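Here is a short note to read alongside the model. Take the points in order, with the structure open beside you.

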Amino acid sequence: MAKEPIKLEVAPDGVQEAPMADARAVLTQLVDDASIDGKVSAFTTRGRRRAYVIPPAVYEELLRLRAETAAK
């Protein structure tokens, strides 16, 4: 019998939230959502965000901003 797909919650700030207990089951979906659709997702434990999956462009922008800040 196939398991029912896990329903991701979307927080008011637009971040998809997935409980850590379901992390393995939704990891491929979250990675695809980030790389294809540009969505940001977070793994949660007891309702608190613990880790994020972000699009590559967002990560590259963060690195650029950190380098600019360090150069000042």
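**Notes for a new reader**

1. Arg64 has a relative accessibility of 38%, which makes it partly exposed. Please keep in mind throughout that this is a predicted model.

2. What does Arg64 form a salt bridge with? One partner is Glu61, and the closest N and O atoms of this pair are 2.4 Å apart. Both residues sit in helix α2 (residues 56–71), and because they are three residues apart, about one helical turn separates them. Glu61 is itself partly exposed, with a relative accessible area of 34%.

3. Arg64 also forms a salt bridge with Glu68, and here the closest N and O atoms are 2.1 Å apart. This time the spacing in helix α2 is four residues, so Glu68 and Arg64 are again about one helical turn from each other. Glu68 is partly exposed too, at 39% relative accessibility.

4. Helix α2 has something else to show on its surface. Val58, Leu62 and Leu65 form a nonpolar patch there, and together they have about 220 Å² of accessible area. Val58 belongs to helix α2, and this residue is partly exposed, with a relative accessible area of 33%.

5. Now step back to the whole chain. The protein chain contains two helices and four strands. Read from the N terminus, its elements follow the order β-β-α-β-β-α. Its radius of gyration is 15 Å, well over the 11 Å that the globule rule gives for 72 residues, so the chain is more spread out than a compact globule. The C-alpha trace spans about 55 × 25 × 20 Å along its principal axes, and 22% of the 72 residues are buried.

6. In what order do the four strands lie in the sheet? They form an open sheet with the order β1-β2-β3-β4, and the pairing is mixed. The edges are taken by β1 and β4, which have a single partner strand each, so one side of each is left without a neighbour in the sheet.

7. Strand β1 (residues 9–10) pairs with β2 in the antiparallel sense, over two bridges. Val10 has Gln16 in β2 as its bridge partner. Five residues lie between the strands of this hairpin, and Gly14 takes a positive phi near 90 degrees in it.

8. Next comes the parallel pair: β2 and strand β3 (residues 41–45) are joined by four bridges. Ala18 finds its bridge partner in β3 at Phe43. To get from β2 to β3, the chain passes through helix α1 (residues 23–37), and this β-α-β crossover is right-handed.

9. Within it, Ala42 stands opposite Tyr52 in β4.

10. With a relative accessible area of 21%, Glu17 is partly exposed, as the cut-off for buried is under 20%. Its side chain meets that of Arg49 in a salt bridge, at 2.7 Å from N to O. Arg49 is in strand β4 (residues 48–53) and Glu17 is in strand β2, so the pair ties together parts that are 32 residues apart in sequence. Arg49 is partly exposed as well, with a relative accessible area of 26%.

11. Asp13, Glu17 and Arg49 are linked in a network of salt bridges. How many salt bridges does a search of the whole structure find? The search finds four, including the one between Glu61 and Arg64 and the one between Glu68 and Arg64.

Conventions
Residues numbered from 1 in each chain as written. Predicted model: local features only at pLDDT ≥ 70, side-chain atom pairs only at ≥ 80, totals over all residues. Heavy atoms only, no water. Pairing = 2+ DSSP bridges. Right-handed = clockwise from strand over helix to strand, strands pointing away. Buried < 20%, exposed > 50% of the residue type's maximum accessible area, 1.4 Å probe, protein only. Patch = residues over 30% accessible without salt bridge, like charges linked within 9 Å, V, L, I, M, F, W, Y side chains within 5 Å. Areas by Shrake-Rupley, 256 points an atom, 1.4 Å probe, with all protein chains shown as cover. Rg over C-alpha atoms; globule rule 2.2 N^0.38 Å.
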